[in-house]
Structure formats: structure tokens, C-alpha cells
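Dear colleague,

Please read them with the model open beside you.

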Amino acid sequence: MRTATLSDQRLVASILAPGVHLVRFFPDAGRHYDRMIVVTERNGGRELHLSGWIGKPLDRSEWLAARDALFPAAEVVVFERLRADGVFSHRRLPLRR
């Protein structure tokens with residue numbers, strides 16, 4: 001398990017399988033999280049593939065902090081979003097240093 005404190009918030013990542021983590025976002029020091037996502041590390045950890053999240057996705061600044069604390073090799077976050085027309089859209093969020 002990996003844990004990171006981001007200001008007054010906390011992220012906890014549990015390994016599900018090699019390179020696959022269940023990441024939970026704790027908005028304060030309490031025991032309850034308000035967001036959860038499966039993160040799969042690809043290409044030596046340079047790409048983080050997101051799937052199956054509950055709650056609002058992390059924003060870019062939160063992903064930059066998560067990269068620094070939990071996924072130091074990450075250069076990009078990739079995921080799919082369902083558009084209003086029912087088509088899946090592939091998204092890329094660069095994590096430039």
C-alpha cells in the first residue's frame with residue numbers, strides 16, 4: 001500500500017495486481033474517502049491508465065501531486081469518457097514537469 005498526504009488531503013493506493021492500484025482520495029484526516037479509481041501503470045509507469053472511478057476525477061493539479069508522491073515515473077494520464085452522443089472519447093492529460 002502507498003500513502004501520500006497532499007496538503008490536508010490523503011491518497012491511499014492498494015496494489016490489486018502487478019502495476020494496478022486502487023487509489024482512494026481522503027478529503028481530510030478521517031477514515032472515509034470520497035473518490036476512488038483504478039490506476040494501471042503502463043510503459044514502465046510513464047503512462048497511468050484510469051478506469052472504474054467513483055466520484056469526481058482528480059484535477060490536473062491533484063494528478064501532479066499524486067505523480068510526485070505515488071507515481072514518480074508518470075508522464076501522462078489516459079482515460080475514456082462517454083460523450084453525450086454515446087461515443088467514448090479517449091483523453092490524455094500530460095503531466096509535464
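Phe-26 has a relative accessibility of 7% and therefore counts as buried (buried means under 20% relative accessible area, exposed over 50% and partly exposed in between, with a 1.4 Å probe and protein chains only), whereas Tyr-33, at 41%, counts as partly exposed. This is a predicted model, in which local features need pLDDT of at least 70 and side-chain atom pairs count only at pLDDT 80 or more, while totals for chains, interfaces and linings use all residues. Residues are numbered from 1 along each chain as its sequence is written, and side-chain values use heavy atoms, with hydrogens and water left out.

There are two aromatic pairs, for which rings of Phe, Tyr and Trp (its six-membered ring) must have centres within 6.5 Å, planes under 30 degrees apart being stacked, over 60 edge-to-face and the rest tilted. Phe-26 and Tyr-33 make an edge-to-face pair, at 5.7 Å centre to centre and 70 degrees between the planes. The rings of Trp-53 and Phe-79 are also edge-to-face, because their centres are 5.5 Å apart and their planes stand at 75 degrees. Since Trp-53 belongs to strand β5 and Phe-79 to strand β6, this pair ties together parts that are 26 residues apart in sequence (helices, H or I of at least four residues, and strands, E of at least two, are DSSP runs numbered from the N terminus). Phe-79 is itself buried, at 16% relative accessibility.

Setting aside neighbours within four places in sequence, Trp-63 is in contact (heavy atoms within 4.5 Å) with Val-39, Leu-48, Leu-50, Leu-58, Val-77, Leu-93 and Leu-95.

Finally, there is one cavity of 30 Å³ or more, a cavity being a set of points on a 1 Å grid over the protein atoms alone where a 1.4 Å probe fits but cannot get out, with lining residues having an atom within 4 Å of a point. The largest cavity holds about 80 Å³ of space, the volume being that filled by probe spheres set on the points, which are joined across faces, edges and corners. Of its 13 lining residues, Arg-35, Met-36, Ile-37, Lys-56 and Leu-58 lie nearest the centre.

With best wishes

Notes
On a 1 Å grid over the protein atoms alone, a cavity is a set of points where a 1.4 Å probe fits but cannot get out, and a pocket is an open set with protein on both sides within 12 Å along at least five of seven lines; lining residues have an atom within 4 Å of a point.
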